[in-house]
Every structure is written in C-alpha cells, then in structure tokens.
Amino acid sequence: MSLVLELVELFNNSDMLPNTKKTYQTSYNRLVNSGLFTKSITDTPNLAIIENIKHITDKAESRNALITVVVRLKKYSDKPIIELEHFRVQNNTDRLNEIKNKKSDPISEGISLKTLLDNEATLLQSKLYVKYIVNYLMNHYGVRNQDVNVLVIKNKKSISPNENYLLVSKSKVEYIRDNYKTKSVYGTKQITIKDKKFINAIVQLERTEGEPLLKTQKGERLSSVSQNRVIQDLTYNSIGEGRIFKVLIDEFKYDDTRLTELSLSRGTNRGDIMKHYTNVDLTA
C-alpha cells in the first residue's frame, strides 16, 4: 500500500470528524515528510517506526500525535501494535513530566514578586495605564489572559452574561468575571478593588461605556485568537500570566490565607495549584 493511499483508505472507511481528520493528516504528513519511510507506515515494522518518531522529535507532546495516527493505521490493517502501545505508555509519562516541568521551572533569576510590583509602580508613574491595569490584576489576583480582556463600564445595566467587566465608581471598582476558564465549576466571580491608584488609572483611560480595555490599532476589541500573544507582551519582560502566577505561588506557598485567596481569585483548586506550580504538597 502506498504512503498516500493508506490514509485515504482509513478516512474513507471511518466516521472521523473533519477536525480529527485534519489533525491526523498533519501528523501523517510530518511522518512522510521526514524522509525516513521507504514504504507505507502500515507495512513498516513497529520498532523502526518508534526509532523514526524519536528521530523526528524529542518532544513527548509531538510524539504523542505521531503515535496516535500510526496506531490507528495499524489497527485498521489488523497489524500488531504491542510495541507501539508500550512506547505510547512511556511517552505519556514523558508528556506529563514535560507539562509538570514547564510549570515548575525555577523562576528566572531576578524575577520575584517585588520585581513585578516595582514594574507595576513604574508603569503607573509612566502613565502606561493599560499595561498597569493588566499587570495589577495579574500580580494581585493571579488571573489568566482571558480574565483581563474586559469591558469598562460605569452602569450596572450594561452587564450581560458571559462577559468580563470593570465596573467603575468613585470609591471602588467591581472586577466581574463571567467568562473565564473554570467558570463552569466556580461560577461568576466578583472582586471589589478599592485601591485609589487603580481606580484613577481606569478613569484616566476615559473609556466610553462598554468600551474594551484592550484594543487593536484599529480600535477593535482583541479577539480570543490574538489575546494571548498581545497580553503576554504587556507583562513584565513578556513572561506571561503563567509565570506571574508561579511567582505569586512561590511567594505565598506557605501563607495559608494568601494561598486560599489566590485559589479563589484564579478559580483553581488549591491542591492543583500546589501540584502544578510547586514541589510542595500541602494537601496531605
């Protein structure tokens, strides 16, 4: 069977969704384009396939996608897959370790909570209000990118479901989130901010009712596709919200009260925070 026909035959005789087929096609193309296969993948010995995959990439996440399409092809052709299954089990372990190590990497030298707060103060002094507001929310509440893509309002009547807001008044700002990663678990979140500097920074922006905090050069609201890249560039040295949260947890991992506050404000189980962002287990 040729390199091309084996995948076509699989697609024609399966009920895979279009997106799944697209993913399989991408992985299959990567295998074929490596130049390591002289015959169909279905007819290539399993151990040879494993060595080829190891040669193509050393990232467990990428290997997982390649293994998946190979196993599906082999199963379709009633070929043995025991070596591939063993490899997949080991690779899944490697993949989980990659995720854990990525989140628990040591903080870059010189980056501490004081570093972040000093940067926050500098942004305010420099009247870089949008950057200041984004960093303030992340530094104090450990929120994610999606959470700071908010609309600025002064009237409660402007509130609608599935949206995030900064509801501004003279004495406080109500930070309302109804569109964030774990909303289905934790529901709508509302934090009252009475920091006068923060309130003033929002006022200085002079946003009209319902206008987004974050806008493109054309004045349009950031899309969900572009928000991660743009917001990361707004953070200190572009370290991103995940690294900022890691700084916070490193600072407060033995502070029971503050750790609970961060768990609540981010909308993440405290045990998961300790598991993924530190090497300390405080849940036992």
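Me: The radius of gyration here is taken over C-alpha atoms, and the globule rule is 2.2 Å times the number of residues to the power 0.38. What does that rule give for 284 residues, and what does the protein chain have?

Reply: This is a predicted model. The rule puts a compact globule of 284 residues near 19 Å, but the protein chain has 24 Å. The C-alpha trace spans about 75 × 40 × 35 Å along its principal axes.

Me: What makes up the chain, in helices and strands?

Reply: It has 13 helices and five strands. Of the contacts between residues at least 6 apart in sequence, 58% join residues at least 24 apart.

Me: How do you know that the span of helix 11 agrees with its number of residues?

Reply: Helix 11 covers residues 240-252, which is 13 residues. The expected span is 1.5 Å times one less than the number of residues. That should give 18 Å; the end C-alpha atoms are 19 Å apart, so the two agree.

Me: Which residues of helix 11 are buried?

Reply: Gly240, Glu241, Ile244, Phe245, Lys246, Val247, Leu248, Ile249 and Phe252.

Me: Why is glutamate 241 called buried?

Reply: Buried means under 20% relative accessible area. Glutamate 241 has 17% relative accessibility, so it counts as buried.

Me: What makes the link between glutamate 241 and arginine 266 a polar contact?

Reply: The cut-off for a pair of N or O atoms is within 3.5 Å, and one must be able to donate a hydrogen and the other to accept it. The side chains of glutamate 241 and arginine 266 are joined at 3.2 Å, as a polar contact.

Me: Which other residues does glutamate 241 contact, leaving aside neighbours within four places in sequence?

Reply: Besides Arg266, its contacts are Met138, Val143, Arg144 and Asn145. Methionine 138 is 103 residues away along the chain, yet the two C-alpha atoms are separated by 6.7 Å.

Me: Why is asparagine 145 called buried?

Reply: The cut-off is under 20%. Asparagine 145 has a relative accessible area of 10%, so it is buried. Not counting residues up to four places away in sequence, asparagine 145 touches Met138, Asn228, Ile231 and Glu241.

Definitions and conventions: Residues numbered from 1 in each chain as written. Predicted model: local features only at pLDDT ≥ 70, side-chain atom pairs only at ≥ 80, totals over all residues. Heavy atoms only, no water. Helix = DSSP H or I, 4+ residues; strand = E, 2+ residues; numbered from the N terminus. Buried < 20%, exposed > 50% of the residue type's maximum accessible area, 1.4 Å probe, protein only. Contact = heavy atoms within 4.5 Å.
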